[in-house]
Amino acid sequence: MARVRTWPNTAYANGGSCFVNDTPSHSALREWRALATSPVTLVIVTAIAALLAIIGPFDTDERLRLLPRFVYWLALVSLTYSAGFWANALMRRFTMGKNVVTRVVVLGLATGCGITPVITLVNYLTFNYIPPANDWPLVLVQFFATALIVTVVFEVIPSATPKEATSPAPALFDRLPLDKRGPLLALSSEDHYTRIRTGKGEEMVLIRLADAMREAAPTAGLQVHRSHWVALSAVTAARRDGDRAILTLSDGTEIPVSRANIPAIREAGLLPR
């Protein structure tokens, strides 16, 4: 049976120039923009900043007047939220399929690493203050404990809360065992079979790729090669490889993009125009 070819994670060089796009995918950027401009997010961030400005924790009520204090907390909440989002986006591929405890620990540590320099910089710019060396152990414990608590809130509570309305599962899932039914990542044609990749593993199913793509609805995706279809939300990185391209999925799988499909992935925002 044919095997799906993968390519090493190398740069594409052309005429002395080097093009690499291994940063978080444009889909993550679009998600961050959507969240950052969402009225719900703006109201929540503003409300948290206002509450902290009124309470004035960490002696900020003595160091700043009410309006500057509100601006300080608004900046801190907004920036740490963004830092935490990107830290989680970078690490989420490594926690796919892991248990809740592992996911919380890994994402919590990543969030702590993301917010620590942000908080330090904001405090330096606002108060001209950097903790002395002997205070850093306690400061780091506070930062990482806060990050873990926030991660628990965002990882555990939503998953434990029943959702009243959810998108219907793809009809394709009826062909998968229960333990393989997770977020749909990709479909790959191999002889008369299609390899179905999800966030919980993969399964070979006797079905044509064209029929599998039709049954993948309502998952948004693209056929990027005559033998491959990918879910847009599963793409974490993209890079050029000669006149083709390579897409990296959240589970680390690399999927080739044929030259004819380069315009389509550009249109989808997965490659720069």
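This is a short talk about one predicted protein model, from the whole chain down to a single residue.

Hi everyone. A word on the ground rules: residues are numbered from 1 along each chain as its sequence is written, and side-chain values use heavy atoms, with hydrogens and water left out. As the model is predicted, local features need pLDDT of at least 70 and side-chain atom pairs count only at pLDDT 80 or more, while totals for chains, interfaces and linings use all residues.

Let's start with the overview. The protein chain has 8 helices and 10 strands; these are DSSP runs, H or I of at least four residues for helices and E of at least two for strands, numbered from the N terminus. Of its 273 residues, 39% are buried, where buried means under 20% relative accessible area, exposed over 50%, and partly exposed in between, using a 1.4 Å probe and protein chains only.

Now, two helices. How do α2 and α4 cross? The axes of α2 (residues 39-55) and α4 (residues 66-91) come within 8 Å and cross at roughly 135 degrees. Axes here are lines fitted to C-alpha atoms, for helices over the stretch in contact, and angles run from 0 to 180 degrees between N-to-C directions. That angle makes α2 oblique to α4, because under 35 degrees counts as roughly parallel, over 145 as roughly antiparallel, 65 to 115 as roughly perpendicular and the rest as oblique.

Which residues meet there? Among them are V45, I48 and L52 in α2, and F70, W73 and L74 in α4. Contact means heavy atoms within 4.5 Å. The residues of this contact divide into 13 nonpolar, 3 polar and 1 charged. Nonpolar covers Ala, Val, Leu, Ile, Met, Phe, Trp, Tyr, Cys and Pro; charged covers Asp, Glu, Lys and Arg; the others, Gly among them, are polar.

On to the sheet. Strands of a sheet pair through backbone hydrogen bonds, either parallel or antiparallel. In this model, 5 strands form an open sheet in the order β5-β4-β3-β7-β6, with antiparallel pairing; two strands pair if DSSP finds at least two bridges between them. β5 and β6 (221-225) are the edge strands, each pairing on one side only. From one strand to the next, the twist averages 20 degrees. Between β6 and β7 (residues 228-231) there are 4 bridges, and G221 has A231 in β7 as its bridge partner.

Finally, let's visit edge strand β5. G201 sits in β5 (residues 201-205). Is G201 buried or partly exposed? Its relative accessible area is 28%, so G201 is partly exposed. Leaving out residues up to four places away in sequence, G201 touches K180 and I196.
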